[in-house]
Amino acid sequence: MPAIVIIGAQWGDEGKGKATDLLGSRIDYVVKFNGGNNAGHTVVIGNQKYALHLLPSGILSEGVIPVIANGVVIDIEVLFHELDALIARGVDVSRLRVSANAHIITHYHRTLDKVTERFLGKKQIGTTGRGIGPSYADKINRVGIRIQDLFDENILRQKVEAALDQKNHLLVKVYNRRAISADEIIENLLSYTERLRPMVTDTALELNRALDEGKTVLFEGGQATMLDVDHGTYPFVTSSNSTAGGASTGSGIGPGRIERVIGIVKAYTTRVGAGPFPTELFDESGEFLRAQGFEFGTTTGRPRRCGWYDAPIARYSARINGVTDYVMTKLDVLTGLEKIPVCVAYEVDGVRVDEVPVSQSDFHHAVPIYEEFPGWSEDITGVREFGDLPANAQAYVLAVEAMSGCRISAIGVGPGRDAIIARHDLLD
Ligand code: GDP
Ligand code: IMO
Ligand code: MG
């Protein structure tokens, strides 16, 4: 099996590490192809809990080669901090590869992220403040700093000075902040060079060779479809392509090599930050989901907005990504609810709309049309066979599957790595 892509189908935090765990020993490489340390992955292995931001969650699987590919934006300080924390816990991270073409998040990107948000006031995106947007903006503006620039001090100096010249005008004259010194930025970046050097390589070449040799490469998307800069709820999105296509541009492998696209979808919906969210709950049901599902951001600690499952969004994601299998996570969180509503379509200005509307204004005031399913009260966290789930839980999954545009091949029933029910082989 060649290249497999994992993507989030909603607004992130679907539990994308679950599918990585399920594939486990069948994976040779795990690749992060988009985003940066805005991601937050909590992975529970036995009684150990790991919180990762920049590194792909597959780094915790023994024997795999983790790769940070060209599509990622790297805060080098965060990278080493995360690596050191894993090393201290006995995780072998020595095989990590970092693309020479990946862009760097510097101090001025973090500063700009925060001041821009403050400037937007009520209209703010609610970013993670990690400098993601400004770093990608520099990449597209062709004033970004790449990992390979660290190995040529002369080039690095020219690039940082050029990027800062523009930004200092903005910081001082528009945002009323102090100018940032190019020397300090350069000194800081150069302090990482020697430790970084052995990790840096032509990751596109290595990944293509690995695929040529029949190795299995897993591309782990950060964020999710509805946060994708092209296909998400723009402007309330992140600044990268978190959909399946991003795996190709973000790593340098041809799209034809991707054989499976695994979508991760929660049994309900959550969102962090601002933007439209039709099924959002403001009552005790929302509180129930937040408390049961422990819906607080791994990166910023913010309480996540919670709502019911949105089937048009699942269909949209299935389409945009070419999802071959869905993994539904957190079914256990719904345990104890008497009735479980599912959004089957929307009403926009009095008219029924079955698919996600292309107009952002329509999506903003789309009112969900719900179908209700009976709940269950039995603890399902120990269930490992679909047929052993309570009848109502089975019926919920089957009904949702029929509306979601793709088969649901596995179901998460608890935070632990093994708390999963497999229905179909993800690679078959
Ligand atoms: P990611 O951003 O997609 O990697 O997901 P996060 O790590 O931000 O959020 C998912 C959270 O749900 C983590 O704390 C997981 O341990 C947890 N989780 C994953 N699958 C399940 C599940 O099936 N049931 C429950 N109760 N928790 C789960
Ligand atoms: P994982 O990988 C949930 C959201 C932020 C904000 C918007 C833009 O854990 O699913 P950014 O800092 O990227 O410019 O913020 O995107 N966001 C996420 N929400 N999960 C994530 O990652 C996210 N990464 C960014 O909250 O609304
Ligand atoms: Mg997360």
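**Nonpolar patch**

I began with the surface: Phe119, Leu170 and Val174 make a nonpolar patch of about 280 Å². Patch members need over 30% relative accessible area and no salt bridge, with nonpolar side chains (Val, Leu, Ile, Met, Phe, Trp, Tyr) joined within 5 Å and like charges within 9 Å. A salt bridge here is a side-chain nitrogen of Lys or Arg within 4 Å of a carboxyl oxygen of Asp or Glu. Areas come from the Shrake-Rupley method with a 1.4 Å probe, and for residues only the protein chains shown count as cover.

I then looked up Phe119, which is in helix 3 (residues 107-120). Helices (H or I, at least four residues) and strands (E, at least two) are DSSP runs, numbered from the N terminus. Phe119 is exposed, at a relative accessible area of 57%. The cut-offs are under 20% for buried and over 50% for exposed, with partly exposed in between (1.4 Å probe, protein chains only).

**Notes on the model**

This is a predicted model, in which local features need pLDDT of at least 70 and side-chain atom pairs count only at pLDDT 80 or more, while totals for chains, interfaces and linings use all residues. Residues are numbered from 1 along each chain as its sequence is written, chains are lettered from A and ligands numbered from 1 in the order in which they are written, and side-chain values use heavy atoms, leaving out hydrogens and water.

**Ligand 1**

Nonpolar means Ala, Val, Leu, Ile, Met, Phe, Trp, Tyr, Cys and Pro; charged means Asp, Glu, Lys and Arg; the others, Gly among them, are polar.

Next came polar contacts (N or O pairs within 3.5 Å; within protein, one must be able to donate a hydrogen and the other to accept it, and residues adjacent in sequence count only if both atoms are side-chain atoms). The side chain of His41 has an N or O atom 2.5 Å from an oxygen of ligand 1, and for the side chain of Asp13 the distance to a ligand oxygen is 2.9 Å. A backbone N or O atom of Gly414 is 3.2 Å from a ligand nitrogen. On its own ligand 1 has 590 Å² of accessible area, and the protein covers 91% of that.

**Ligand 2**

I counted 20 residues around ligand 2, with Asp13, Lys16, Gly40, Thr128 and Thr238 the closest. The shell holds six nonpolar, eleven polar and three charged residues. A polar backbone atom of Gly126 is 3.4 Å from an oxygen of ligand 2. How much of ligand 2 does the protein bury? I got 98% of the 550 Å² that the ligand exposes when taken alone.

Most residues other than glycine have a negative phi, and most peptide bonds are trans. I noted a cis bond between Tyr234 and Pro235, with omega about 5 degrees. Pro235 is in the loop between strand 10 (217-220) and helix 9 (245-249).

Arg142 has a positive phi, near 65 degrees. Arg142 is in the loop between helix 4 (132-141) and helix 5 (153-174), and is exposed at 77%.

Lys330 also has a positive phi, about 65 degrees. I placed Lys330 in the loop between strand 15 (325-329) and strand 16 (339-348), partly exposed at 22%.

Methods:
Near = heavy atom within 4 Å.
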